[in-house]
Amino acid sequence: MDRIAVYELQDALMQIFLAQGIRGAVYPDGIYGPETAEAVRAFQQTEGLPVTGEADRETWERIQTRLDEIIKAREVLPIPVFPNGDFALVPGAGGLLVGLVQGIFQRLHETYKNIPAPALTWIYDRETAEAAAVIREKAGLSPGEELDAQAWNVLARLYASVQL
């Protein structure tokens, strides 16, 4: 088994063991040594596979299945909240979407001090309109205080970048 394949095996086992709350079972270094063989044996035993310490085809497939399950369980699905491409929030609007936008601005302000953080009022007030105008300006969008689909997409991308 080449070094890259061993590294991938070790990384997969590490992720599986961490998901199970087992720390220090194996560290990816690309070397199939005693620690890796022991980690493979431990995995095989928990999966009811023949305990050989060798990463045979059946073991590899089971490791991949468990890793896929872990990755899927970690997946965060986006929630589409902006009504549609023709919609725009404008001064005077109110409700949950406005509160969400204000919360996003507050979170962005923690990372980007040049983005205003309007108070959470649930009303598209002067502060919120000014924050939207800043986003529009920084993104090179047409000037204005509304939060349309283009400005929303900028806001959503920035928010996603600070959540990583």
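**Entry 1: the cores.** I began with the largest nonpolar core, which has 22 residues, and looked up which of them touch the most other members: Leu-89, Val-101, Phe-105, Tyr-124, Leu-147, Trp-152 and Leu-155. Three helices, H4 (96-111), H5 (126-138) and H6 (149-163), each give this core at least two residues. I noted that a nonpolar core is a set of buried Ala, Val, Leu, Ile, Met, Phe, Trp, Tyr and Cys residues joined through side-chain atoms within 4.5 Å. Buried means under 20% relative accessible area, exposed means over 50%, and partly exposed is in between, with a 1.4 Å probe and protein chains only. Helices (H or I, at least four residues) and strands (E, at least two) are DSSP runs, numbered from the N terminus.

I then picked Val-101 and asked what it is in contact with, leaving aside neighbours within four places in sequence. I found Leu-89, Leu-147, Trp-152 and Leu-155; contact here means heavy atoms within 4.5 Å. There is also a second, separate core of 14 residues, and Val-26, Ala-39, Ala-55 and Leu-67 are among them.

**Entry 2: what I am reading.** This is a predicted model, in which local features need pLDDT of at least 70 and side-chain atom pairs count only at pLDDT 80 or more, while totals for chains, interfaces and linings use all residues. Residues are numbered from 1 along each chain as its sequence is written, and side-chain values use heavy atoms, with hydrogens and water left out.

**Entry 3: H1 against H2.** Next I turned to helix H1 (residues 3-19) and helix H2 (residues 34-47), which pack at an angle of about 50 degrees with axes 11 Å apart. That angle makes H1 oblique to H2. For the terms, axes are lines fitted to C-alpha atoms, for helices over the stretch in contact, and angles run from 0 to 180 degrees between N-to-C directions. Under 35 degrees counts as roughly parallel, over 145 as roughly antiparallel, 65 to 115 as roughly perpendicular, and the rest as oblique.

H1 passes H2 in a left-handed crossing, meaning that the near helix is turned anticlockwise from the far one by less than a right angle (clockwise would be right-handed). On the H1 side I listed Leu-9, Gln-10, Leu-13, Ile-16 and Phe-17, and they meet Thr-36, Ala-39, Val-40, Ala-42 and Phe-43 of H2. Sorted by class, this contact of H1 with H2 has eight nonpolar, two polar and no charged residues. Ala, Val, Leu, Ile, Met, Phe, Trp, Tyr, Cys and Pro count as nonpolar, Asp, Glu, Lys and Arg as charged, and the others, Gly among them, as polar.

**Entry 4: H1 against H3.** How do H1 and helix H3 (residues 57-74) cross? Their axes come within 10 Å and cross at roughly 55 degrees, and H1 and H3 are therefore oblique to each other. The crossing of H1 and H3 is left-handed. H1 brings Ala-5, Glu-8, Leu-9, Ala-12, Leu-13, Gln-15, Ile-16 and Ala-19 to the contact, and H3 brings Trp-60, Ile-63, Arg-66, Leu-67, Ile-70 and Arg-74. I sorted the residues of the H1 contact with H3 into 10 nonpolar, one polar and three charged.

**Entry 5: H2 against H3.** The axes of H2 and H3 come within 11 Å and cross at roughly 75 degrees, which makes H2 roughly perpendicular to H3. Val-40, Phe-43, Gln-44 and Glu-47 of H2 meet Thr-59, Arg-62, Ile-63 and Arg-66 of H3. This contact of H2 with H3 has three nonpolar, two polar and three charged residues.

**Entry 6: single residues.** I looked up Met-1, which lies in the segment before H1 and counts as exposed at 54% relative accessibility. Not counting residues up to four places away in sequence, Met-1 touches Val-6, Leu-9, Tyr-32, Ala-55 and Trp-60.

Trp-122 sits in the loop between H4 and H5. Its phi is near 70 degrees, a positive value in a residue other than glycine. Leu-96 is 26 residues from Trp-122 in sequence, and their C-alpha atoms are 6.6 Å apart in space. Leu-96 belongs to helix H4 and is exposed at 70% relative accessibility.
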